[in-house]
Every structure is written in C-alpha cells, then in structure tokens.
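Here is a short briefing on a predicted model.

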Amino acid sequence: MSSKQIQTRPAPDTTGFTESLDYVTVTIGEQLLGLPIGRVQDVFNTSRITPVPLAPPEIIGLLNLRGRVVTALCLRKRLGREPLQNGAKELVAVGIDHGGEAYALIVDAVGEVIRLDHSTLEPVPVHLDRAWAALAAGVHRLEDRLLVVLDIDAVLKIDLPLAA
C-alpha cells in the first residue's frame, strides 16, 4: 500500500527546470561560452597568483580564496588560444569545485546568467575546432551568436606529466 501512495503523490513543482538550462556566460576573445550554473561556486577578481614550477601550461598557479588553496587554470590556454598580453593586474575568475578540489577558471570576462530551453541544445558541430570540441558538451544558437556549452569535467581533466 505504501508504494502505491508514493506513486500517486504529486511531483514537486519544478516548473521550468526540466525544460530549461541555466548557464553563467563567459567570454574568451569574441566567443561566448556557457558554464552550467550548478557547477559554478563563485565569480571573483584575483591579482595574487603564485606560479607553480613544472606545472602544465594551462595551470597558471595557485591562489588563496577565503583560506582555501585554489588551482588557477587559464581557460584561454586550455582552449588553445594565446594568453592575453595586456598586463592586467586583476584577473576575472570563475570558481569551480571538482572532486573536492577548488579551481579558478581564468576568463576574459564574465557575462550574465541565462536560461535557455533544453530543446535548443544541439550536439557539438563537426566543424568546431578539435580542441574546443573535446571540451564542449553542446551548443545553443542565439539570435546573434553561438553559445558553446563547456563540459567542466573535460576542461579540468589535464594530463599531468609523470615524475622522473
């Protein structure tokens, strides 16, 4: 009897959540990227990054965020782009928690949070650059541009060299 009661119980009100996807938008160059909002912990500016010797080029160092050591990863380098050479003292970062570790994705700029209909999510186009396609979960066509949705797990999967 109790299982029948569970089956007939009304579903919780999740209006809009099953049909929509929410993203924090960031830019690298002119490209708009979407980070699933459920994976984003913080958005912050930072100026104090300690370099890590012998780290892969994408890892630009470590920083202290409210007493926690955070690995700073340059999303520009991770996507195969040249790092900005403007000498900016403050960097824009998006805080991500992955497997109990804290990461800061260094981006060119953070935009707004947008909600898009799940039905508009398309597979990664075959003509997208291979480096980008390996890190993308799909795309949304917006009115004036393409939003590439990043696969956070793929972005943070960095091949570390073995110690000699």
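G138 has V149 as its bridge partner in β11. That pair belongs to an antiparallel pairing of β10 (residues 136-141) with β11, made over five bridges. V149 is also the bridge partner of G34.

**Strand β11 and its neighbours**

- Strand β11 spans residues 146-150, and four of its five residues are buried. The strand is thus described as mostly covered.
- A hairpin of four residues leads from β10 into β11.
- Strand β2 (residues 31-36) pairs with β11 in the parallel sense. Three bridges make up that pairing.

**The six-stranded sheet**

- Six strands make an open sheet in the order β8-β1-β2-β11-β10-β9. The pairing is mixed.
- Which strands lie at the edges? They are β8 (109-117) and β9 (121-122), and each pairs on one side only.
- β9 runs antiparallel to β10, and two bridges join them.
- Within that part of the sheet, E122 stands opposite V139 of β10.

- Strand β4 covers residues 59-65, and strand β5 covers residues 68-74. They run antiparallel and are joined by six bridges.
- N64 stands opposite V69, a residue of β5.
- Two residues lie between β4 and β5 in this hairpin. R66 sits in the turn and has a positive phi of about 50°.

**L156 in helix α4**

- Helix α4 runs over residues 152-156 and includes L156.
- Is L156 buried or exposed? L156 counts as buried because its relative accessible area is 7%, and the cut-off for buried is under 20%.
- Leaving aside residues up to four places away in sequence, L156 touches L73, I96, H98, Y103 and L105.
- One of these contacts, L73, falls within the residue range of β5, 68-74.
- L156 and R78 are 78 residues apart along the chain. Their C-alpha atoms are separated by 9.0 Å.

Key: Residues are numbered from 1 along each chain as its sequence is written. This is a predicted model: local features need pLDDT of at least 70, side-chain atom pairs count only at pLDDT 80 or more; totals for chains, interfaces and linings use all residues. Side-chain values use heavy atoms; hydrogens and water are left out. Buried means under 20% relative accessible area, exposed over 50%, partly exposed in between (1.4 Å probe, protein chains only). Contact means heavy atoms within 4.5 Å. Two strands pair if DSSP finds at least two bridges between them.
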